[in-house]
Amino acid sequence: MTLTISELSWGHPLPGGGWRQLFDGFNLNCQSGQFVVVIGNNGSGKSTLLNLIAGTLKLKGGSIELGQRRLHRYRDHGRARWIGRVMQNPLEGTCPGLSIAENLRLAERRRRSGLSFSGLLGVRPSHSDRKRYQQLLDALGIPLGHRLDTLVGELSGGQRQTLSLVMATLGNPELLLLDEHTAALDPKAEAMVMDLTERLVRQLGATALMVTHSLSQAMRYGDRLLMLRDGQLVHDWSATERMQLSEEALRQLYGSGIVAAPNADASNGP
Amino acid sequence: MLSLWLGAYDQGLAFAGLALGTYLTLRVLNFPDLTVDGSFALGGGTAAVLITQGVPVPLALLVAFGFGCLAGLVTGLIHTRLGVNDLFAGILTTTGLYSITLRLMGRSNIPLTDTPVGIDRLPDLSAGFDEEWAMALTLVVLGLMLLVGLLLSTDFGLALRALGNNPTMARANGINQRRGLNIGIAAANGLVGLSGGLVALFQGFADVTMGIGSLILGLGMVIIGESIFRPRNISLGLLSAVVGAILFRTLIAIALALGLEPVDLKLVTAVLLLIALAAGRLRIPGLSAKEKV
């Protein structure tokens, strides 16, 4: 589905008083199935943009549409029917006190809230659910298929983030939001998770927005590369244009941004 | 000794609804719910009023369950709709419930002298004690455990557990946090209300103050059960809450048999819980400090 952001407006109060208007008339259009990578300095609005799309932050003005659907009219859990999210912190994207199978079941049911009457029918995850999850994990080469009853809290950060990624792609989401999802991983786990990300995004055919601080990831992955600075889109490269860039040139562009003061960092929202 | 054990067993089962309700709010929903002090007395008072007016016991208990649910729903709505802090929302409801229960009862104490109809028809395992009660309560509590266990094993229960475990992740997976908390807190207080009704029936009276300290009692029962079973799944968690309720009442019965004054019971309970908290054996959302200050 095409993601269309029009005249987006959002700001937040500063701790010392005053107001910071981060987005003011921000526009973005991502074609259906496009894998878009977003880079930018701290405070440039990357994560805030994802949070506004996901609905964890309320926009002050403008609109966000996914296909014909006006996303901004739904609350965050309502938008989850069409959006799969992987968060930066491996602890945030999964339920540590539930088993792997239970976490997968939750994600699979994303389109239909478990709190409806239909959620009362049948013990879940059922035997057939478990079989399906095992096949899914095995097919993706993730060695967790035989550990479906293991509590997610007992997994390593890399394993959790892998699971979180699989969960985000379950239930056929139309939009994937990946918020620096490899930032907390060691290089080996990072490579593994990024490889899986690429495969799942292509396999799913969903529109994907991936925020990253890693310039090597930005150079390597995606169909389009965006650079944000202070809530503005300052560069928009196609995959072909990006190939003509060197990592050094990108680093210089990246470094030329005005780095926001730490207390003005809006990446976590108010 | 047998009568002491049987009495504790019966009382423990009567209080099992309180333990299950506490387990549901604190362990499943991760919500420190102080409404239980009010909903326990509300359940007891409601059941007593209805039974004295000739309403069949099962129906009276069902209404006690329903009123408990309503009390929990009020706390849930105060918290989720008005944004009031979880602890304060419970305190507000409990404070209001005291007057409501008193109005409902018409006086502060209602005696229930007659054994409820039907209890004496249950099989008598061995003559002399309260075996009919034991059988009736065992059936009720087993039914409750089965019902709650099944509920928590469905997609519905999974959603509630996810909300208590990681609300951010739960919302990102389409779970309505407000609705989940409202339903969960209401169901938990329904169990507490039912337990209040059973306790009133068992002890032969309902008192408007019978709910004071119920949260601490419920907590004590849950902790004792968990320290024995160390549950890793919901079924064991529920079982540990019920067994904890029985053991807790047994400990109290032993303490009374050893000469402890009944008036000191709540103090002893509070001290025991404080020791458990201080020893770091217990993490209660909102009640225990994350770090020593």
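This section describes the predicted model, beginning with chain B and continuing with the interface and chain A.

Chain B contains 12 helices and two strands. Read from the N terminus, its elements follow the order α-α-α-α-α-β-α-α-α-α-β-α-α-α. Of the 293 residues in chain B, 49% are classed as buried. When contacts between residues at least 6 apart in the sequence of chain B are considered, 77% of them link residues at least 24 apart.

Helix H2 of chain B, residues 16-28, is largely enclosed by the rest of the structure, because 13 of its 13 residues are buried. Just after H2(B), the backbone at B:Asn30 adopts a positive phi of about 60 degrees.

Two helices of chain B, H4 (residues 57-82) and H5 (residues 86-105), pack with their axes 9 Å apart and at an angle of about 140 degrees. H4(B) is therefore oblique to H5(B), an assignment that rests on roughly antiparallel pairs requiring an angle over 145 degrees. The crossing of H4(B) and H5(B) has right-handed geometry. On the H4(B) side, the contact is formed by B:Ala71, B:Val74, B:Thr75, B:Ile78 and B:His79. H5(B) contributes B:Asp86, B:Ala89, B:Gly90, B:Leu92, B:Thr93 and B:Leu97. Sorted by class, the residues in the contact of H4(B) with H5(B) are six nonpolar, four polar and one charged.

Further along chain B, B:Leu217 is located in helix H10, which covers residues 214-229. Neighbours within four places in sequence aside, B:Leu217 is in contact with B:Phe15, B:Leu18 and B:Thr269. One of these partners, B:Leu18, falls within the residue range of H2(B), 16-28. The C-alpha atoms of B:Leu217 and B:Ala245 are 8.7 Å apart in space, and the two residues are 28 apart in sequence.

At the interface, 22 residues of chain B are in contact with 28 residues of chain A. On the chain B side, the elements giving two or more residues are helices H7 (155-165), H8 (167-172) and H9 (177-203). H7(B) provides the largest share of that side, with seven residues. The composition of the side of chain B that touches chain A is eight nonpolar, 10 polar and four charged residues.

In chain A, A:Met1 belongs to the segment before S1. A:Met1 is partly exposed, because it has 18 C-beta neighbours inside 10 Å, and a buried residue would need 20 or more. Apart from neighbours within four places in sequence, A:Met1 is in contact with A:Ser32, A:Leu66, A:Gly67, A:Glu174, A:Leu175 and A:Thr207. The C-alpha atoms of A:Met1 and A:Gly67 are separated by 5.1 Å, although these residues are 66 apart along the chain.

Most residues other than glycine have a negative phi, and most peptide bonds are trans. A:Glu7, a residue other than glycine, has a positive phi near 50 degrees. A:Glu7 lies in strand S1 of chain A, which comprises residues 3-13. With 13 other C-beta atoms within 10 Å, A:Glu7 is partly exposed. A positive phi is also found at A:Asn172, where the value is near 45 degrees. A:Asn172 is placed in the loop between helix H5 (157-169) and strand S7 (175-179) of chain A. Because A:Asn172 has 13 C-beta neighbours inside 10 Å, it counts as partly exposed.

The peptide bond joining A:Arg124 and A:Pro125 is cis, with omega about -5 degrees. A:Pro125 is in the loop between helix H3 (100-108) and H4 of chain A. Helix H4 of chain A has 13 residues, 127-139, and at 1.5 Å a residue should span 18 Å. Just after H4(A), A:Gly141 has a positive phi of about 75 degrees.

Note on methods
Residues numbered from 1 in each chain as written. Chains lettered and ligands numbered in written order. Predicted model: local features only at pLDDT ≥ 70, side-chain atom pairs only at ≥ 80, totals over all residues. Contact = placed C-beta atoms within 7 Å. Helix = DSSP H or I, 4+ residues; strand = E, 2+ residues; numbered from the N terminus. Nonpolar A, V, L, I, M, F, W, Y, C, P; charged D, E, K, R; others polar. Expected span 1.5 Å × (residues − 1). Axes fitted to C-alpha atoms, helices over the stretch in contact; angles between N-to-C directions. Parallel < 35°, antiparallel > 145°, perpendicular 65-115°, else oblique. Left-handed = near helix turned anticlockwise from the far one by under 90°. Buried ≥ 20, exposed ≤ 12 C-beta atoms within 10 Å, placed from the backbone.
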